[in-house]
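Hi everyone, thanks for making the time.

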Amino acid sequence: MERVQFQQEQMLAELKDLVQKSLFNQSEVKQIVKKRTQFETALVRRIPKKGDFLRYAAYEMNLEQLRRKRVERLKLEKTAPSISDYALVRRQFQIFERALKKFKSDVGLWIQYIQVAKREGARSLVGRITARALQLHPRTPALYIIAASHELNHMSPSAARALLQRGLRLNADSIDMWREYVRMELSFVEGMKRRWTVLGIHEEGHPIVEAETTAAEDMAILTPEEIAAEKGGDEGERARQAIMDGAIVKSVILSAAKALPSINLFTALEVLIRSYPSQERLRTALLDHLYNVLKDTLQGDPHAVKMLATRKLRELTSQENSDDFVMAESEEFVDALQAANESFSLAVGAGSTNASGMADVYVEFVEQWCKLPTLDPSLRAYLVASLRKLARQPNAPPSLQAAYVQLTLPSKKAL
């Protein structure tokens, strides 16, 4: 109970300040002391529970929100900060520190602490927490992603890049980390574009007047890529053009494919590149590079063949309603569907080592489109005819024959 009494004594100054500012009355202060005493008593038992710490922290968060609302409502004059202005937030941090002494292995608790510190604007504390968390949990990708995001939000792309590279050395099989690394480099390209606009570097041959007057302290925080790109002459122009063409992003994609040759990785990167708000020219170049790397990395993989064959279809179909909406009357759609089907047919008919898997993916493709009610009947007939042709080949996988029978049964019943 000595620990509980010690905590009660630490409350006196902040509670007195809250009363003096008329933010809480004596009755409310007594209730606060009572609640805190209950929480502290629960924490000093032989085996405290994580939930006890979290409930205590949640109470302090609600109390701080109430204090801020009352400050805003009472419109108190701005004075020098007093203890009640920061004590409740500090207590939240102290509760999490005490909790982590007991539950160091709980990654979720570390993440909650980081989120609370972020919300309160404690930038340096966030950095210290993430550093400690990464020391204890170096194989947790989420912590690297959070740490890198924090650095990137505070204009430290070099630190963010270093964190992700360090994390990838230990977690090379993490799709999330590779995706975030690519996202960071995409953000770097957009950030450089905005920076060059401010500096007056707009297009090829433009005089770099502002760039030459950049302060030495600003240059000290630039990455090597930024410094090279902001030089004058042909060297600077080539460096800028390489960045705008996505050279860094392409390099990351290639490294990701070598470390993790998985169709799930390529799918995640494709979704990211398509959805990221970058220039159409850059997006197209990056997707072309992604598909080229996919073709070289996963040769003969059925799902890779599907991804390559249906590229144009994914561009033409609605992202929100990709299962039930088709641009059925579009000539582009008809050409894209035909091109995808022909690519698939060639792959299935080639008799690869994974013929059965290739056939299964092709069947899935045909069934996906044939079952759509908005698909033109002539296109459905075209797909079924292609399936029949492949099913009748010698040594055709049984899945092709079964799918053909399944798709033609309804018409037989109608007769």
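Let's begin with V182. If we leave aside its neighbours within four places in sequence, V182 is in contact with V249, V252, I253, L269 and L272. Please keep in mind as we go that this is a predicted model.

So where does V182 belong? V182 is among the residues with the most contacts inside the largest nonpolar core, alongside F93, W178, F266 and L294. That core has 81 residues, and its largest share, 10 residues, comes from helix α9, residues 175-199. As a general point, nonpolar side chains tend to be buried together in soluble globular proteins. There is also a second, separate core of 32 residues, which includes V348, M358, V363 and L400.

Now back to some of those partners. Helix α14 covers residues 247-259. Which of its residues are buried? They are I248, V249, V252, I253, A256 and A257. In general, an α-helix has 3.6 residues a turn, so residues three or four places apart point the same way. From first C-alpha to last, α14 reaches 19 Å with its 13 residues, close to the 18 Å expected at 1.5 Å a residue.

Next stop, helix α15, residues 263-275, which is where A268 sits. Is A268 buried or exposed? Its relative accessible area is 15%, and the cut-off for buried is under 20%, so A268 counts as buried. Beyond its neighbours within four places in sequence, A268 is in contact with I175 and R179. A268 and I175 are 93 residues apart in sequence, yet their C-alpha atoms are 7.6 Å apart in space.

Helix α19, residues 331-349, and helix α21, residues 377-391, pack at an angle of about 10 degrees, with their axes 11 Å apart. Because of that angle, α19 is roughly parallel to α21. On the α19 side, the contact is made by F333, V334, L337, Q338, N341, E342, S345, V348 and G349. The α21 side brings L379, Y382, L383, S386 and L390. By class, that gives 8 nonpolar, 5 polar and 1 charged residues.

Finally, the whole chain. It has 22 helices and 0 strands, and 44% of its 415 residues count as buried. Among contacts with a separation of 6 or more, 64% come from residues 24 or more positions apart.

Definitions and conventions:
Residues are numbered from 1 along each chain as its sequence is written. This is a predicted model: local features need pLDDT of at least 70, side-chain atom pairs count only at pLDDT 80 or more; totals for chains, interfaces and linings use all residues. Side-chain values use heavy atoms; hydrogens and water are left out. Axes are lines fitted to C-alpha atoms, for helices over the stretch in contact, and angles run from 0 to 180 degrees between N-to-C directions. Helices (H or I, at least four residues) and strands (E, at least two) are DSSP runs, numbered from the N terminus. Angles under 35 degrees count as roughly parallel, over 145 as roughly antiparallel, 65 to 115 as roughly perpendicular and the rest as oblique. Contact means heavy atoms within 4.5 Å. Ala, Val, Leu, Ile, Met, Phe, Trp, Tyr, Cys and Pro count as nonpolar, Asp, Glu, Lys and Arg as charged, and the others, Gly among them, as polar. A nonpolar core is a set of buried Ala, Val, Leu, Ile, Met, Phe, Trp, Tyr and Cys residues joined through side-chain atoms within 4.5 Å. Buried means under 20% relative accessible area, exposed over 50%, partly exposed in between (1.4 Å probe, protein chains only). The expected span of a helix is 1.5 Å times one less than its number of residues.
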